[in-house]
Amino acid sequence: ISLIEGNANYTAHVVEGTNVFSVIAKDPLDNPVTKDITRLIDTDLLPDFYELRILETDPLHNDSDSAKTSNNEASNGMPDDLEDFDLDGLTNYAEYMLRSNPLSQDSDSDGLMDMYEVLMTKTIATEFDSDTDGVSDGNEDFDSDGLTNQEEQQFGSNPYMKDTDNDGLTDIEEKQLGTDPLKPDTDNDGLDDATESGIFDPRW
């Protein structure tokens, strides 16, 4: 019921399951008008429409199964909002807040997983080309080290650091040498990869 003017406050006892509220008001001609409002209540943080239309989970139960996944998530001890149906590192609730696809690891098909965009590249997980420069987020090279963001993701290196482990070798040099861009001393022999690369094989 739309109020022409003023406001309304009401308190209702809500239980898990189907709740029907009857709201009674008067129209501008002073005629009483009743409207029934149904709310499906469970204890996860996902809105009913999202559970029904996107996830196909049960809005009446906080730990239910999705008709869109191959696994049965019902009663597994994990509430629907904390599940990660696409295994991309983001919970269903995080995907809802980001407006990303909870059933796709790469919502915008740019070659970067949603979680990687959120935490590493800081790009928009629902935009193929976040900065609209004509280059997809996956093909950008933010640190100009010769590796695209997608290659940095695959390699495990930092897309904003040319030398992720600060060992004196750039990430692309480590890729070419076959050393670990996350370990200054790949073979743990006491010599960092950069020092060893000119003398020995830094991989062992």
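Is Tyr 96 buried, partly exposed or exposed? At 25% relative accessibility, Tyr 96 is partly exposed. The cut-offs are under 20% relative accessible area for buried, over 50% for exposed, and partly exposed in between (1.4 Å probe, protein chains only).

1. Basis. This is a predicted model, in which local features need pLDDT of at least 70 and side-chain atom pairs count only at pLDDT 80 or more, while totals for chains, interfaces and linings use all residues. Residues are numbered from 1 along each chain as its sequence is written, and side-chain values use heavy atoms, with hydrogens and water left out.

2. Aromatic pairs. Searching the whole structure gives five aromatic pairs. The rings of Phe, Tyr and Trp (its six-membered ring) pair if their centres lie within 6.5 Å; planes under 30 degrees apart are stacked, over 60 edge-to-face, and the rest tilted. Phe 49 and Tyr 96 are edge-to-face, because their planes stand at 65°, with ring centres 6.5 Å apart. This pair links distant parts of the chain: Phe 49 sits in helix H1 (residues 48–55) and Tyr 96 in helix H2 (residues 92–98), 47 residues apart. Helices (H or I, at least four residues) and strands (E, at least two) are DSSP runs, numbered from the N terminus. Phe 49 is partly exposed, at a relative accessible area of 40%. One aromatic cluster holds Phe 49, Tyr 50, Tyr 93 and Tyr 96.

3. A stacked pair. Phe 142 and Tyr 160 stack, at 5.2 Å centre to centre and 25° between the planes. Phe 142 is in the loop between helix H3 (114–121) and helix H4 (149–155). Tyr 160 is in the loop between H4 and helix H5 (171–177), and the two residues are 18 residues apart. Phe 142 is partly exposed at 27% relative accessibility. Tyr 160 is also partly exposed, with a relative accessible area of 43%.

4. Helix H1. Its buried residues are Tyr 50, Glu 51 and Leu 55. They lie on the same side of H1, because their arc around the axis is only 100°. The arc is that of the directions from the helix axis to the C-beta atoms. H2 is among the elements covering the buried residues of H1. Just after H1, Glu 56 has a positive phi of about 55°.

5. Helix H3. Asp 114, Tyr 116, Glu 117 and Thr 121 are the buried residues here. They span an arc of only 165° around the axis, so they fall on the same side of H3. These buried residues pack against H2 and H4. Lys 122 follows H3, and its phi is positive, near 60°.

6. Phe 155. This residue lies in helix H4. Phe 155 is partly exposed, with a relative accessible area of 24%. Neighbours within four places in sequence aside, Phe 155 is in contact (heavy atoms within 4.5 Å) with Leu 147, Asp 171, Glu 174, Lys 175, Thr 179 and Pro 181. Phe 155 and Glu 174 are 19 residues apart in sequence, and their C-alpha atoms are 9.8 Å apart.

7. Strand E1 (residues 17–26) pairs with strand E2 (residues 32–41) in the antiparallel sense, over 10 bridges. Two strands pair if DSSP finds at least two bridges between them. Gly 17 has Ile 41 in E2 as its bridge partner. Five residues lie between the strands of the hairpin, in which Asp 30 takes a positive phi near 70°.
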